[in-house]
Amino acid sequence: MLDRLDHALRARPERAAVLTATRTGATRVRATRGELAELTDAFAAGLHARGLRAGDTVGVAVRPGARALAVMLALWRLGLRGAVLDPGAGPDVLRARLALAEPSLVLADAAAQAVAGWARPLARRARLALPDLASLGAPVATVGRRLPGCAPALDLGAARSGVPGQGRRPAYGDSDADAVIVFTSGTTSRPRAVVHTRASLAAGMASVSALFGAADPAGAGDPVLGGTFFVLVPSLAHGAPVALPARSPAVLARQLRRLRPRDTYLTPPQLRDALGAGARFRGRVWTGSAPASAELLSRVRGAGAEEAWGVYALTELFPAAAVEAREKAAYEGPGDLVGAPLPGVTAKPDGDGQLLLAGAAARHRYLGEEPEPWVRTGDRARLDGAGRIVLEGRSKDMVLRRAENIYPGLYEPALHVPGVELAVLVGIPAGRGAESAGDERLVALVQPQPGAAEPGLRAALAGPLGRMGSARPDAVLFARIPLAGRSRKPDRAAAAALAAARLRGTR
């Protein structure tokens, strides 16, 4: 897919590739297909001129968009391994992670260097923090506009003769070689990083293309809205320009109205914010990276979408399963239905009920560890009679109450009644004596939709709560649920702390 994109960009260089929106929602062309191809060529030549060769690791601290895509295409062409830096992980964790990856070079845009330097106090408010990039033990090169205090720029005027993929020289083609490192979890003492090979990354791209139907010639030229690598590559490869979603919910709503994309890819928090701003949709809407309730998907369809899909995916295997709003809403059993495994994906629970996944798109290994055939998801799950995956909660989120193991994911979907924006179940220490024994209180933290009245929500929740049996919460609190990370998933630790403070009568 990436090789195909590299060639496809040159076929119609004058056509728009990456779009953005003004504050009024009007569309602006950020880069044409020809400009994206030229930028890829320049990055590849600059990296090659610095002596980087196949198998070397390059840290990438570049904001999502045309420049980041060109960087990844250049790395792919040269057979380099990209290590993705996430400013939200914190400097100590990032420093430990990159010590494991040992990059030969770090590519960073001016914004990333500002976060690590003069703008650190401002960035800290947004929970962004990078270590001093120069302290990572590898040289740093700036891509894009260079501001005072930035590292020297990558040479975009470097000679292109002899660069793989230029002219008649073939691009790097070892499918078993590492392609990308994505850090997902772990501490400063034991960082963990997912390693995808060129083969597994290509298989994931093919799965996304097949799932989203990007090859449909009837809509190949219509715009697509989304900002992730897994949206940009298949969409551009099939001729569709991609618009990066506006950050402001109000501007995003205006962007959707004026752009009218055939496919929209937003995270659940982005969808909730857009709906709150009065957004209208058309075509198909896809969401993932965090749990998407049947209520949220139904609201998206109610706002004009023909289809609303929840995609179950992991960094270790993307994508794994998908379910459309109507199928999810029709499911009445316990747990969270996320759909049937996609073609090429094998799913099974192990003896402890943890979901295991395998397939061509699965990661090869964790960095510094031996390869494993099965991806251990950390999710408790079962397969229903139709072979669909039903999640029952994260193993690590288990709440222990009165010697009973309660898995929040098994019950949280039932809390998403009309008027509820988001809901989680968390455990907090049950009391001074019980705390030493590990016993917990189970608390439902519920975030209402704007304008939803608390008395009405309590009445609507009475039925679902009454059907929870021994897992019925000890308390129901209404509050805004803290979010964390790039995907803005519910921050369960912060939610538990909030619930504990509220129950103690403090703010």
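**Burial, charge and backbone angles in a predicted model**

Author: The protein carries 66 positive and 46 negative side chains, and the centres of the two sets lie 7 Å apart; Lys and Arg count as positive and Asp and Glu as negative, while His and the chain ends are not counted, and each charge is placed at NZ of Lys, CZ of Arg, CG of Asp or CD of Glu. This is a predicted model, in which local features need pLDDT of at least 70 and side-chain atom pairs count only at pLDDT 80 or more, whereas totals for chains, interfaces and linings use all residues. Residues are numbered from 1 along each chain as its sequence is written, and side-chain values use heavy atoms, with hydrogens and water left out.

Reader: What makes the radius of gyration of the protein agree with that of a compact globule?

Author: The rule for a globule is 2.2 Å times the number of residues to the power 0.38, taken over C-alpha atoms; for 507 residues this gives a value near 23 Å, and because the protein has 23 Å, the two agree.

Reader: Why is Lys328 called buried?

Author: Buried means under 20% relative accessible area, exposed over 50% and partly exposed in between, with a 1.4 Å probe and protein chains only; Lys328 has 8% relative accessibility, and therefore counts as buried.

Reader: Which backbone oxygen lies 2.7 Å from a polar atom of the side chain of Lys328?

Author: That oxygen belongs to Leu337. Lys328 itself is found in helix 12, residues 325-330, where helices are DSSP runs of H or I with at least four residues and strands are runs of E with at least two, numbered from the N terminus. Leaving aside residues up to four places away in sequence, Lys328 touches several others, among them Ala292, Leu297, Val323 and Asp336, contact meaning heavy atoms within 4.5 Å.

Reader: Why is Glu102 called exposed?

Author: Its relative accessible area is 61%, so Glu102 is exposed. Glu102 sits in the loop between helix 4 (91-101) and strand 5 (105-108).

Reader: What is the phi of Glu102, and what is that of Arg260?

Author: Glu102 has a positive phi of about 50 degrees although it is not a glycine, and Arg260 also has a positive phi of about 50 degrees without being a glycine. Most residues other than glycine have a negative phi, and most peptide bonds are trans.

Reader: Which peptide bond is cis?

Author: The bond from Phe318 to Pro319 is cis, with omega near -10 degrees, and Pro319 lies in strand 14, residues 317-324.

Definitions and conventions: A polar contact is a pair of N or O atoms within 3.5 Å; within protein, one must be able to donate a hydrogen and the other to accept it, and residues adjacent in sequence count only if both atoms are side-chain atoms.
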